[in-house]
Amino acid sequence: MPDTPTDRGIPSGADEETNAAPGQLSRRDFLTAVGVAAAGFLAGCTPEFREKYLQKHFLELSPQEVEARLARLRDDYAKRFGQEVSVSALPAQPGVLYGYALDLSRCIGCRRCVYACVRENNQSRSPQIQWIRVLEMEKEKGIDFETANPYYNPERVPDPEHFYVPVACQQCRTPQCTMVCPVGATWQEPDGIVVVDYDWCIGCRYCMAACPYGARHFNWGEPELPVAEFNPNLHILGNRPRPQGVVEKCTFCVQRARVGRYPACVEICPVGARKFGNLLDPESEITRIIREKRVFVLKAELKTEPKFYYFYGI
Amino acid sequence: MSEVRPSHPPNDPGHGDHMETLESEFSIARSNALIPLLVISAVTVLAILAVIVRAKPVAPPEGVAADKAFGPADFPVVFAKEEALVGLDGGGTDAATLIFPVPAPPFSEGIFPCMECHGSIPPNPERRTLEGMHTDIVLHHDEEHRWCLDCHDMNDRNQLRLASGALVPFTESYRLCGQCHGTQYRDWRSGIHGKRTGYWNGAKRYLLCVHCHNPHSPRFASLQPLPPPVRPQFLRPEDAVAVAASGEGSSGSAGKEGGHAGHAH
């Protein structure tokens, strides 16, 4: 009887008791002890601890739990940065679908938008993370990613031989990044903004591989964010300080857009090349541009259907 | 059929033999061809390994090294002049006299009102090179056909003058510009041309044409670009430090001064 595999695989309790040497824990006792200890630990730890380390997905939180999380984040950031911090979880407004347009005939490649974005969205200064990348392309070749140069640095811009294509998250209508995420830590909000739950992201970087625009950025190191440059106007899915090991991306400045403000890159652009608004409003700037100008999207053949349009406004 | 049959049987065994010889001759496992093949593949693998091992680290392409990370704090001047929103209400709805909320026109220090000086100077309508006053103005705006009094009113220098003879204040200079640049005026009014700040769903602040375009030389002035992103090989701060210490990458200063790539003009 003891020779059959099933018997060896599942020994009876009696067998185990007899096998256990005197003074040794039987398997059953050990598992019971571990279970009791775990249950006791869970019961004994504070609700704050449980919220922090055993938290739920952001979309599964009840309104009370969202409030609790916001309060915890406010406390954490206030302690870390020594100032009043506002953390919002303002949801999407109904009847709003954000769209963006960029006038390539105006952009001079000055990179003001890049650094305004870094400051507004609390990106890591070291290792450096920038959500906007300005590509310099030759007028002779047109839009050509193979020969585009993001490291241009002449004394003055624009260079007469080149034009400039700033690229950030294209806020696709069919975002590949959200489809490959194995844990559902990134999704498209009802107003079209693709956001990341930094508490839920496991840092696998599948989304970075899936994104055809290089718009997602990974926190390889502990993000360095000087206290003096901290922007305390935060959104939980947007510009709040990120931990190491998570992916982040442009959110159309969700903390500004959802209260009606223009994103930081729009407000800093010295040539007014950047346009932002509601695609569902027939009188907004963005719908006028789509109606009256010839707009195009990057890599349209991929069917990602971006809500970020480029046009020549001349 | 009977004629065809005899021709086939002699062929069949021959055909079979041929296949056997083919197999024995060209079977790699049984032939001596295996040795040179192994030698060739081994040499290829060794060559690839040698290339990989001997390869130098990827050198930054020509142009800037981009080996130092800059942040917004390095450019306080650029970010200091973010203006607060000014009074955004007001403005008519009548399309003909639509007044847009704009900040004050960017006059030179102490130049306005013009009539403080011009009130006591008799107007001289003759086209001439200005001497004595306004010598800093270089007209580069269809200068062959245009002169001061095409836009400035001769008798009331505090105002501008449309082609129709109507006077408009400097705060509505877009109406003057729009006489020639109609498509830009149309786009500006609907928010396509020009910079907007404020609220995408509410009050916006417009800028006058002259806030971006010098009316006497309207091409948008070039700017110094902020430094490029740091290249991936210098992403770790200690790498950038090492490069700076070895003196190879002088781009720490190049980034601030604007670099040396492509400024032949």
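**Figure 1. L102(A) and R274(A) stand opposite each other across a strand pair.** In this predicted model, L102(A) faces R274(A), a residue of strand β10(A). Strand β2 of chain A covers residues 98-103 and pairs with β10(A) in the antiparallel sense. Five bridges join the two strands. Strand β10 of chain A takes in residues 274-278 and is mostly covered, with five of its five residues buried.

**Figure 2. Helix α11 of chain A and its cover.** The helix spans residues 285-292 of chain A. Its buried residues are E285(A), I286(A), T287(A) and I289(A). Within chain A, the cover over these buried residues includes β2, β10, β11 (295-296) and β12 (308-311). Chain B is also represented in that cover, by its strand β4 (204-205).

Figure 3. K56(A) counts as partly exposed because its relative accessibility is 36%, which falls between the 20% limit for buried and the 50% limit for exposed residues. Leaving aside neighbours within four places in sequence, K56(A) is in contact with L61(A), E65(A), R69(A) and W200(A). With E65(A), the contact includes a polar one between the two side chains, at 3.3 Å. W200(A) lies 144 residues away from K56(A) along the chain, yet the C-alpha atoms of the two are separated by 8.1 Å.

**Figure 4. A nonpolar patch on the surface of chain B.** The patch is formed by V45(B), L46(B), I48(B), L49(B), I52(B) and V53(B). Together these residues have about 610 Å² of accessible area. One of them, I52(B), belongs to helix α2 (residues 34-54) of chain B. I52(B) counts as exposed because its relative accessibility is 57%, and the limit for that class is over 50%. In an α-helix there are 3.6 residues a turn, so residues three or four places apart point the same way.

**Figure 5. Two cis peptide bonds, one in each of chains A and B.** In chain A, the bond between S126(A) and P127(A) is cis, with omega at about 0°. P127(A) is placed in the loop between α6 (112-120) and β3 (133-138) of chain A. In chain B, the cis bond runs from F112(B) to P113(B), and omega is near 0°. P113(B) lies in the loop between α3 (76-80) and α4 (115-118) of chain B.

**Figure 6. Positive phi at R205(A) and at K303(A).** R205(A), a residue other than glycine, has phi near 65°. The loop that holds R205(A) runs between β6 (194-196) and α8 (206-210) of chain A. R205(A) counts as partly exposed because its relative accessibility is 32%. For K303(A), also not a glycine, phi is near 60°. K303(A) is found in the loop between β11 and β12 of chain A. With a relative accessible area of 60%, K303(A) is exposed.

**Figure 7. Chain B as a setting for the views above.** Chain B has nine helices and four strands. From the N terminus on, the order of these elements is α-α-α-α-β-β-α-α-β-β-α-α-α. Of its 265 residues, 25% count as buried. The accessible surface of chain B comes to about 17,800 Å², and 60% of this belongs to carbon and sulfur atoms. Among contacts in chain B between residues at least 6 apart in sequence, 57% join residues at least 24 apart.

Notes
Residues are numbered from 1 along each chain as its sequence is written. Chains are lettered from A and ligands numbered from 1 in the order in which they are written. This is a predicted model: local features need pLDDT of at least 70, side-chain atom pairs count only at pLDDT 80 or more; totals for chains, interfaces and linings use all residues. Side-chain values use heavy atoms; hydrogens and water are left out. Buried means under 20% relative accessible area, exposed over 50%, partly exposed in between (1.4 Å probe, protein chains only). Two strands pair if DSSP finds at least two bridges between them. Contact means heavy atoms within 4.5 Å. Patches are made of residues with over 30% relative accessible area and no salt bridge: like charges are joined within 9 Å, nonpolar side chains (Val, Leu, Ile, Met, Phe, Trp, Tyr) within 5 Å. Accessible areas come from the Shrake-Rupley method with a 1.4 Å probe; for residues, only the protein chains shown count as cover. A salt bridge is a side-chain nitrogen of Lys or Arg within 4 Å of a carboxyl oxygen of Asp or Glu. A polar contact is a pair of N or O atoms within 3.5 Å; within protein, one must be able to donate a hydrogen and the other to accept it, and residues adjacent in sequence count only if both atoms are side-chain atoms.
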